[in-house]
Amino acid sequence: MKKIKLGIIGFGNMGTSHAKRIINGECPDFELVAIADINPERLKWCKENFGEKIARFNTAEEMLSADIIDACLISVPHYDHPKYAIMCLERNIHVMVEKPVGVYTKQVREMNEAADKSNAVFGVMFNQRTNHIYRKMRELVQSGKYGEIRRTNWIITNWYRPQAYFDSGEWRATWSGEGGGVLLNQCPHQLDLWQWICGMPKKVEAHLLYGKWHDIEVEDDVTAYAEYENGATGVFITSTGDPCGTNRFEVQMDRAKIIAENDKLELFELETAEPEFSKTNKSPFGQIESRYIEVETDGKNEQHTGVINAWGRAILYGEPLIADAREGINGLMLSNAMHLSSFLGKEVEIPIDEELYFEELMKKVKTSRKKTNVNSVVADTSETYGGTTAEKNKHWNTNW
């Protein structure tokens, strides 16, 4: 059976781990034939560990121009995800992009437009969508059996990182290197799942604390409030500063409360929908009868390997992706909305004013501590923010 010839752009930590999956045969539809990284040490490592059969290129442009790959996995820092995705899409090369899909929605919207014009299969590495807990939770919420959502709460603070983590790379936790903090680095999966399961809110008000727990310039503590079209409300709390963190996602509906926590899905099913009970009940302290259910799932949680294999089947047989990369703009919209609310000190509507967000983000970039020629970088934003300078990419690709 014909294998898909795969190239990887960015051969740091994530790129290397994906390469190992292919080499080890975990993704049988793919053959790794090429990598691109501007850091010679990473190319040397590839040769020493994987041999001569994998072509090695100093730049992504060289690899794409060689016309030897059918598909490309992009694993570089956030700002450059759309740039390289567009390069591939314009060549009808199938693309799998790491999360997040980009740093700001204006940039990602351009990428999505390129995808719409391309014949390539375009996926994003939202591996948490393979988790049986969240798949089943989505099924329950969207089934219609339990009525409408009334409230969502997600506290996801088990992202603890010591200062050494942020000191491990010059680009980490900087506006010019990473484009944000916990919302853009640790939480893209949860922001995606939040909207995938519950839908997009219509407005957000967020309080972000910048460098509260660490010597960094971006957010490491977030409390956000959201409102939905139907009047439901939501709270999203996250941090990299809690040494004993929590991961609890709770959805209150008309006829149920659903809780995802500790690798378990719990359901409190109400005998009567709350709106009906409230109208007909005559007791001032009446309570709705409920029953507790520990929800059974299929137990599958294929993570990165599952996402790549679904991508392969989509390319070869037209089967569904785990996540179409065009959907990545939704979780990023939530992240951008929280940042913009914090920048402006007020509630913002969704979709946000994308031009305004870009302007506010660039103000942060100009004062970023990351050592880079910010003026020349910002001047390059007409296409895709970030540029391709050797110094920047060498550092980013080494540490990513």
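E52 counts as exposed at 55% relative accessibility, where exposed means over 50% relative accessible area, buried means under 20%, and partly exposed lies in between, computed with a 1.4 Å probe on protein chains only. The model is predicted, so local features need pLDDT of at least 70 and side-chain atom pairs count only at pLDDT 80 or more, while totals for chains, interfaces and linings use all residues. Residues are numbered from 1 along each chain as its sequence is written, and side-chain values use heavy atoms, with hydrogens and water left out.

**Salt bridges**

The side chain of E52 meets that of R56 in a salt bridge, at 3.5 Å from N to O. A salt bridge is a side-chain nitrogen of Lys or Arg within 4 Å of a carboxyl oxygen of Asp or Glu. R56 counts as partly exposed, at 28% relative accessibility. Salt bridges with shared partners join K47, E52 and R56 into one network. A search of the whole structure finds 23 salt bridges, including the three in this table.

| Salt bridge | N to O distance | Relative accessibility |
|---|---|---|
| R56 and E52 | 3.5 Å | R56 28%, E52 55% |
| K106 and E355 | 3.3 Å | K106 23%, E355 42% |
| R369 and D215 | 3.3 Å | R369 44%, D215 53% |

The side chains of K106 and E355 meet in a salt bridge. K106 lies in helix α5 and E355 in helix α12, so this pair ties together parts that are 249 residues apart in sequence. Helices (H or I, at least four residues) and strands (E, at least two) are DSSP runs, numbered from the N terminus.

R369 forms a salt bridge with D215. This pair links distant parts of the chain, with R369 in the loop between α12 and α13 and D215 in the loop between β8 and β9, 154 residues apart.

**A buried glutamate**

The loop between β8 and β9 also holds E217. At 14% relative accessibility, E217 counts as buried. Its side chain reaches the backbone nitrogen of W175 at 2.7 Å, and a polar contact of 2.6 Å joins the side chains of E217 and S368. A polar contact is a pair of N or O atoms within 3.5 Å; within protein, one must be able to donate a hydrogen and the other to accept it, and residues adjacent in sequence count only if both atoms are side-chain atoms. Leaving aside neighbours within four places in sequence, E217 is in contact (heavy atoms within 4.5 Å) with residues including Y210, S368 and R369.

**The parallel sheet**

Six strands form an open sheet with parallel pairing, in the order β3-β2-β1-β4-β5-β6. Two strands pair if DSSP finds at least two bridges between them. Strands β3 (55–57) and β6 (122–124) stand at the edges with a single partner strand each, so one side of each has no neighbour in the sheet. From one strand to the next, the twist averages 25°. Strands β1 (residues 4–9) and β2 (residues 30–36) run parallel and are joined by six bridges; G7 stands opposite A34 in β2.

Helix α1 (residues 13–23) lies across β1, β2 and β4 and runs at about 150° to β2. Axes are lines fitted to C-alpha atoms, for helices over the stretch in contact, and angles run from 0 to 180 degrees between N-to-C directions.

Helix α10 (residues 303–317) has 15 residues and reaches 21 Å from its first C-alpha to its last, close to the 21 Å expected. The expected span is 1.5 Å times one less than the number of residues. In α10, 12 of the 15 residues are buried, among them W311 and I315. The buried residues of α10 pack against β1, α1, β2, β4, β5 and β6.

In helix α8 (residues 188–198), 11 of the 11 residues are buried, so this helix is largely enclosed by the rest of the structure. Its buried residues pack against α6, β7, β9, β10, β11 and α11. The glycine that follows α8, G199, has a positive phi near 90°, and G318, which follows α10, has a positive phi near 75°.

**Backbone exceptions**

Most residues other than glycine have a negative phi, and most peptide bonds are trans. Q303, which lies in helix α10, has a positive phi near 50°. D263 has a positive phi near 55° and is found in the loop between β12 and β13. Q303 counts as buried at 18% relative accessibility, whereas D263 is exposed at 70%.

Cis peptide bonds join K99 to P100, with omega about -15°, and I350 to P351, with omega about 5°. P100 is found in the loop between β5 and α5, and P351 in the loop between β15 and α12.
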